[in-house]
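Dear colleague,

Please find the structure below for your records. My notes on its cores and its ligand site follow.

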Amino acid sequence: MTVDHAANGQEALSRISAATDLDTLEGLRVSLLGKQGSISALLKTLGAMSPDERKVEGPKIHALRESVTEALTGRKAALENAALEEQLAAQTIDLTLPAPESPRGSIHPISQVMDELAEIFADMGFAVATGPEIEDDWHNFTALNMPESHPARAMHDTFYFPDRDAENREMLLRTHTSPVQIRAMIDVVQESPGGAPLRVIAPGRVYRSDSDATHTPMFHQIEGLVIDKGIHLGHLKWTLETFLKAFFEREDIVLRLRPSYFPFTEPSVEVDVGYTIVNGKRVVGGSEGWMEVLGSGMVNRKVIAAGGLDPDEWQGFAFGTGVDRLAMLKYGMDDLRAFFDGDVRWLSHYGFSALDVPTLSGGVGTAA
Ligand code: DAH
């Protein structure tokens, strides 16, 4: 029997070095060295040979097995190494690239404006008062001189709850921040039996069943209330002027007070602020035109009495306005609904940096 070991060996070795993946290589190992493998079969033939033949064939077959084993081991290491290299190349991080900016939140313009308002009024000695958003109709209407039959109630598009409270009052989502006037007066009377003086603002959410481009069912108002002795319209006008100059950061703010009607004030005024047209847009300041910004007036005697104070002793003024509208005017936004869409692109354009805390000396509103 003459077997051309050299030729078999050559072929095996070239197949090994041509293997491009570990699976192929393992297949070759099994077919050469496995139990049924061709080299294993050759080894088995040694037993049937004569001693002389074995002397000649033995070393050749063993040499063949050794070189094949060596080639398999070498090729396996090479393939594993290449796989590792490939993985490392794919996972490379370029440390010279700038690190991606981590997402940063920003302050919603409504929150920013409420903070600005609190700052401005704090400088004038106003505290912040709060009240519940789920109100009863006594605080929201009756105590504000809007008894049950009052036509102004119908104008408020109120969201009512189906059940009444323990005192049999109708429950509703407050339609304005004015009920906080009543709560603040009752609180101050409770704290000091003589009652006032009182200087508060009440920013917060209010609700009306109304929705279009300029109305959303939830919006924000800020209420102001001053109760003291000898308070008159002059105090009201000065306060509003000082507030609007600080808020819009302009000295040329001009106010116009127009007689109006609110059940909770007497007399009542609507306050317009003058504007100028700059590049086709209204800019607050000057007096080319007028737009309404506030409702206000001297607090009605009945409201002072509902707050537990003697209207012969105490007078006051009150005002109320929309925070959303103030924000739109100051920062030039034109669609109210965008305030409540929760679109981060809008927020990253109009939002404020968390570190941009408003102060009167440092300026109140630098957009982020
Ligand atoms: N509460 C009124 C509203 O929501 C706004 C208002 C007007 C508040 C006059 C006042 C005020 O305090 O004096 O329409």
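The largest nonpolar core contains 43 residues, and those with the most contacts inside it are Leu117, Leu240, Phe243, Leu244, Phe247, Leu294 and Phe339. A nonpolar core here is a set of buried Ala, Val, Leu, Ile, Met, Phe, Trp, Tyr and Cys residues joined through side-chain atoms within 4.5 Å; buried means under 20% relative accessible area, exposed over 50% and partly exposed in between (1.4 Å probe, protein chains only). Among the elements giving two or more residues to this core are α5 (109–123), α9 (233–248) and β10 (289–299); helices (H or I, at least four residues) and strands (E, at least two) are DSSP runs, numbered from the N terminus. Another core, of 26 residues, lies apart from it and includes Phe141, Val200, Leu225 and Leu309.

This is a predicted model: local features need pLDDT of at least 70, side-chain atom pairs count only at pLDDT 80 or more, and totals for chains, interfaces and linings use all residues. Residues are numbered from 1 along each chain as its sequence is written, and side-chain values use heavy atoms, with hydrogens and water left out.

Thr265 belongs to strand β8 and counts as buried because its relative accessibility is 3%.

A polar side-chain atom of Arg208 lies 2.9 Å from an oxygen atom of the ligand.

Yours sincerely

Technical notes: A polar contact is a pair of N or O atoms within 3.5 Å; within protein, one must be able to donate a hydrogen and the other to accept it, and residues adjacent in sequence count only if both atoms are side-chain atoms.
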